[in-house]
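Here is my note on the model, point by point. Please read it with the coordinates open.

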Amino acid sequence: MIDLKKFEVWFVTGSQDLYGEDTLKQVAEHSQQIVRSFNEAAQIPVQVVFKPTVKSTEEIRSVMQDANSAKNCIGIIAWMHTFSPAKMWIGGLSIMQKPLLQLHTQFNRDIPWETIDMDFMNLNQSAHGDREFGFILSRMRKNRKVVVGHWQDPEVLSQIGGWTRVTAGWADWQGARFVRFGDNMRFVAVTDGDKVEAEKQFGFSVNTYGVGDLVKVINGFSDAEVDKLTAEYEEKYAVVDPLRKGGAQYSSLRDAAKIELGIEAFLKDGNFKGYSDTFEDLHGMTQLPGIASQRLMGKGYGFAGEGDWKTAALVRAMKVMGSGLKGGNAFMEDYTYHFDPSNPLVLGSHMLEVDESLADGKAKCEIHPLGIGGKADPVRLVFNVAGGHALNASIVDMGNRFRLIVNTVEAVAPEHDLPKLPVARVLWKPYPDMKTGCAAWILAGGAHHTCYSQNLFAENMEDFADIAGIEYILIDQDTKIRELKNELRWNDAAFK
Ligand code: MN
């Protein structure tokens with residue numbers, strides 16, 4: 001979907017001139033070796049680029065300036081192999097605009113007990129060199145990721161790789177454009193928010209277009225182009241008989257295909273990375289986009305219904321973060337509950353637009369009436385979603401700040417057929433348990449719309465919030481309501 005190999009993370013090693021040429025040569029060789037091994041690691045999806053050791057205020061400032069202006073550079077990994085007096089870093093860190101990972105590693109994994117001498121000690125100083133560097137970052141209140149451990153440790157590689165995915169999602173947001181067809185669903189609070197503040201904080205813009213502008217593009221597609229897409233539907237999905245060529249509702253499938261062609265063309269033409277629409281504003285459209293939105297999400301566009309631009313943008317960022325991993329990142333809504341005490345469950349879905357990338361097996365392409373919106377019956381893909389680790393994430397506007405709320409969940413494969421439910425659906429159990437998880441979400445003000453992820457972890461989302469500089473609330477197996485209430489109170493003070 002999105003090729004993460006086009007992104008670079010720069011590997012910068014800090015030192016000073018004090019050590020002499022021989023030691024500095026070894027420092028550079030070690031760093032190059034680490035970079036080579038990072039580039040061979042399956043866990044790290046981006047390119048890691050070696051940068052010459054920085055030893056002075058001027059060199060540090062210069063590498064930061066270069067990183068700021070390098071378009072493909074999405075982050076910096078910094079490591080103090082030796083001691084690098086951190087007052088030298090103040091100038092560079094003050095202008096640094098790219099996310100930073102402080103890698104607290106050392107070249108050798110073990111202490112060579114028999115041979116260790118003062119030359120060895122002179123070269124391998126990150127145990128205290130990285131503390132000096134850590135101090136100045138903390139003193140300067142710089143958010144960063146800290147990863148500790150030997151550079152060949154698979155866990156370290158996974159953490160670095162996960163962080164590079166997060167920085168790719170962040171880089172994708174910078175300058176990104178999202179479009180809203182129509183405005184917010186009338187009177188809804190949580191999907192609304194401050195788009196000016198969002199552009200300042202997150203780097204993406206959201207602008208509205210009248211649905212008529214879209215309808216014009218939709219109506220511009222020829223019968224032949226529509227035929228081609230409906231044939232693709234028939235090949236890829238189990239299309240119900242009435243929708244197939246010659247069937248009584250074949251024209252509805254054609255209408256749906258035309259809508260997909262139109263939205264995709266509009267997005268490409270405007271260089272948009274995602275969109276939202278609302279069933280209350282569909283003037284000139286025959287049906288609400290169902291299969292169109294499901295498939296466009298499958299192709300990597302961000303989407304959320306009812307004007308929810310924050311979730312549309314979050315879905316897009318998480319799709320970039322999860323690019324190339326098994327599983328999907330998808331627009332989701334907590335829909336209805338199973339309150340059986342022995343097996344409590346949340347059923348997640350939407351009235352139509354559940355992301356195709358979650359489909360477990362071949363999706364069915366169906367048509368059913370939609371009780372709201374007052375339009376023709378919309379065509380949609382219906383499918384089940386596999387069980388396993390997952391999370392829900394939501395960004396809300398608290399007035400003076402944005403808050404990212406994450407709830408880890410355990411998805412379960414459906415135990416029953418749902419023959420009369422004409423939408424795609426997911427079942428999950430929230431952590432730490434149904435009652436605590438739902439109460440915590442509600443106390444934190446989490447939205448009913450989320451991005452549901454099958455391949456990202458809470459640590460990724462925390463890194464994302466740190467890079468964005470926003471509040472982060474995690475609801476997981478350790479959550480206790482009383483502690484959460486305090487955390488929310490304290491955060492109100494912290495963000496004043
Ligand atoms: Mn909704």
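1. E306 sits in the loop between β10 (302-305) and α12 (309-321). Helices (H or I, at least four residues) and strands (E, at least two) are DSSP runs, numbered from the N terminus. E306 is not a glycine, yet its phi is positive, about 60 degrees. E306 is also buried, at a relative accessible area of 8%. Buried means under 20% relative accessible area, exposed over 50%, and partly exposed in between (1.4 Å probe, protein chains only).

2. A word on the source. This is a predicted model, in which local features need pLDDT of at least 70 and side-chain atom pairs count only at pLDDT 80 or more, while totals for chains, interfaces and linings use all residues. Residues are numbered from 1 along each chain as its sequence is written, and side-chain values use heavy atoms, with hydrogens and water left out.

3. Which residues coordinate the manganese ion? The donors are E306 (OE), E333 (OE), H350 (NE2) and H449 (NE2), at 2.1 to 2.2 Å. Donors are N, O and S atoms within 2.8 Å of the metal (3.2 Å for Na, K and Ca); water is not among the atoms, so the site may look incomplete. The spacing of the donor residues in sequence is E-x26-E-x16-H-x98-H. The two histidines link distant parts of the chain: H350 is in the loop between β12 (345-349) and β13 (364-367), and H449 is in strand β18 (residues 449-453), 99 residues apart. H350 is buried at 3% relative accessible area, and H449 is buried at 0%.

4. F187 is another non-glycine residue with a positive phi, about 70 degrees. F187 lies in the loop between β6 (177-181) and α7 (195-202). Is F187 buried or exposed? At 87% relative accessibility, F187 counts as exposed. For context, most residues other than glycine have a negative phi, and most peptide bonds are trans.

5. Check the peptide bond from Y431 to P432: it is cis, with omega near 0 degrees. P432 belongs to the loop between β17 and α13 (434-443).

6. C451 is buried at 0% relative accessibility. C365 is buried at 0% as well.

7. Helices α9 (residues 223-236) and α10 (residues 250-269) pack at about 105 degrees, with axes 9 Å apart. Axes are lines fitted to C-alpha atoms, for helices over the stretch in contact, and angles run from 0 to 180 degrees between N-to-C directions. The two helices are therefore roughly perpendicular (65 to 115 degrees). The residues of this contact divide into eight nonpolar, one polar and seven charged. Here Ala, Val, Leu, Ile, Met, Phe, Trp, Tyr, Cys and Pro count as nonpolar, Asp, Glu, Lys and Arg as charged, and the others, Gly among them, as polar.

8. R403 is in strand β16 (residues 402-412) and is buried, at 3% relative accessible area. Beyond its neighbours within four places in sequence, its contacts (heavy atoms within 4.5 Å) include A444, E471 and L488. R403 and A444 are 41 residues apart in sequence and 8.7 Å apart in space, C-alpha to C-alpha.

Notes: Angles under 35 degrees count as roughly parallel, over 145 as roughly antiparallel, 65 to 115 as roughly perpendicular and the rest as oblique.
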